[in-house]
Amino acid sequence: MMRLRSLSRTGFVGLVVALVAVTAITMPDEAEAQAEARRAPPNIIFILNDDQRYDAMGFLDPALKTPNMDRIAREGVYFPNAFVTTALCSPSRASILTGQYMHNHGIADNNIKFRPGTFFFPMALQQAGYRTAFIGKWHMGGHGDDPQPGFDRWISFKGQGDYLPDNGKGVRHTLNIDGQRVERKGYITDELNSFALDWLKQQSGKQPFFLYLSHKAVHADFIPAERHQGTLSRDAIKLPDSMADTPENYEGKPRWTKDQRNSWHGVEFPYHSTLDVIDFKLRYNETLRAVDEGIGDIIATLQKKGMLDNTIVVMMGDNGFMFGEHGMIDKRSAYEESMRVPLIAFGGGMPRGRVVNEIVANIDIAPTFLELAGAQRPEGVRFDGMSYADLLMGRAFNRPWRTSLNYEYYWEYNYPQTPTTFALRGDRYKYIQYHGVWDTEELYDLKADPMEMRNLIADPALRPVVKKMRADLFAGLAPEQGRSSVTFTERLDEGSVLRNRNGAGPGQFPARWLRDGTETDLKAGEKAEGGKPGAH
């Protein structure tokens, strides 16, 4: 844990300067009030934004305007090393609710249903005396919107939901409000924010509460609120260098990354269209503005009700999003822009202006919130995650913390561009391997190469690192039943398999795998690889 320590990311120096400028000296009366507030169980508000990548906040990206998110990071705590263990909507959200890796909770894609009796952490909050509300996108266990266990108040919609209230043909979309379907009235982000504010205004302060505000925004296809259209600059958006289709960018990369370039999730044929990636990112940036405004309204409501000192506000993304990195859009991969997410928090009497660099993840939300609330999980329920409540609240922290985190993604027939992926993300190195596809592994030195451009998997000097990370990855992915499994759901069609006839061709195998077929060459290859096939 660190206080006011700058990151290597550009743009963070400005945040540090701002932190110094705004951090107020706590006066005795204020300190006494905060101490009193901390003695009561804290209220908790969890705001989950869809597809918000780690740097999609104004203090990290000047092309964005997010003054309320910036305020939370400035006056509260910012976690620059926050990740999801699966960069896909349903598995990530299931990991948040269960505190478990995907291979344990079983929601391997956006269609699989929860096992009967699955424990969601808000159930324990209810048992501890909390009033609970879920408002927004559920999108787990199929595409239904029925009320789920653990919540006293329920407002949701089917599947991904829609930004606008009707389909353009006069048919209104609906919300499920406590089991009753009601026609929608407005722009989805504003509507969800309004429901959240109404519920907060009903809280008296006599009973602790937990609000889970789960936004549809900023999921593609992005549609900004009308008031935000045209408010940000296209010229301020910078595309990544790794987007270029050059030999240098693809040197050492897996074949599938080149093949994905000309596909549903690639920059040459994105969503089987001709959309411009800069315009795409501009719509994303403008769509995020309504989310930020809603956060500001929530903070203002808490302040007006005198509840901010005893309410912890946490904002996170359910997965990242790629805008051209390695020739890709969307998520799913184990690259940083896909699996890394924003995580900021403030209120609840926590010390102001801190940066916590420890690796935290979506699987940590459940144990953290239960510890903050003083709630107990039922006997027999286990978490894969760890509680970072002490890190969050600035308390003494002497327990060992993780130095690496597992990542897993299972191939989907609808989107066959990305293979089944397993990765181990450490403080310095990231190791990635693939399942069911003939391709190379990857190893990146994140300190020397934060953009993951130079694959070091074949570096002889790093063989001990690779060997250890392979073993640690496998050990970390061992499911509860003691064996690995790959799941699939019923196939309904071919999926998003189209390619542009005039786009990029298929990728190439690594040069180190290529042989001319002579006996001398084959023996040299065996020696370089450590022996004959099957020897290890």
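Start with helix α7, residues 188-201: it has 14 residues, and at 1.5 Å a residue they should span 20 Å, which agrees with the 20 Å between its end C-alpha atoms. Keep in mind as you look around that this is a predicted model.

Now see which parts of α7 are tucked away. Its buried residues are I188, T189, E191, L192, N193, A196, L197, W199 and L200. What lies over them? The cover includes the strands β1 (43-49), β4 (131-137), β5 (153-157), β6 (174-177) and β8 (209-214), along with helix α10 (277-304).

Let's follow one of those covering elements, β1. Seven of the seven residues of β1 are buried, so the strand is largely enclosed by the rest of the structure.

Which strands does β1 pair with? One is β9 (residues 311-317), in the parallel sense and over seven bridges; here N43 stands opposite T311. Another is β8, also in the parallel sense, this time over five bridges, with I45 opposite L211.

Finally, head out to the surface. W438, W513 and L514 make a nonpolar patch there of about 370 Å². L514 sits in the loop between α14 (463-476) and α15 (519-528). With a relative accessible area of 52%, L514 counts as exposed, because the cut-off for that label is over 50%.

Definitions and conventions: Residues numbered from 1 in each chain as written. Predicted model: local features only at pLDDT ≥ 70, side-chain atom pairs only at ≥ 80, totals over all residues. Heavy atoms only, no water. Patch = residues over 30% accessible without salt bridge, like charges linked within 9 Å, V, L, I, M, F, W, Y side chains within 5 Å. Areas by Shrake-Rupley, 256 points an atom, 1.4 Å probe, with all protein chains shown as cover. Salt bridge = Lys/Arg side-chain N within 4 Å of Asp/Glu carboxyl O. Helix = DSSP H or I, 4+ residues; strand = E, 2+ residues; numbered from the N terminus. Buried < 20%, exposed > 50% of the residue type's maximum accessible area, 1.4 Å probe, protein only. Expected span 1.5 Å × (residues − 1). Contact = heavy atoms within 4.5 Å. Pairing = 2+ DSSP bridges.
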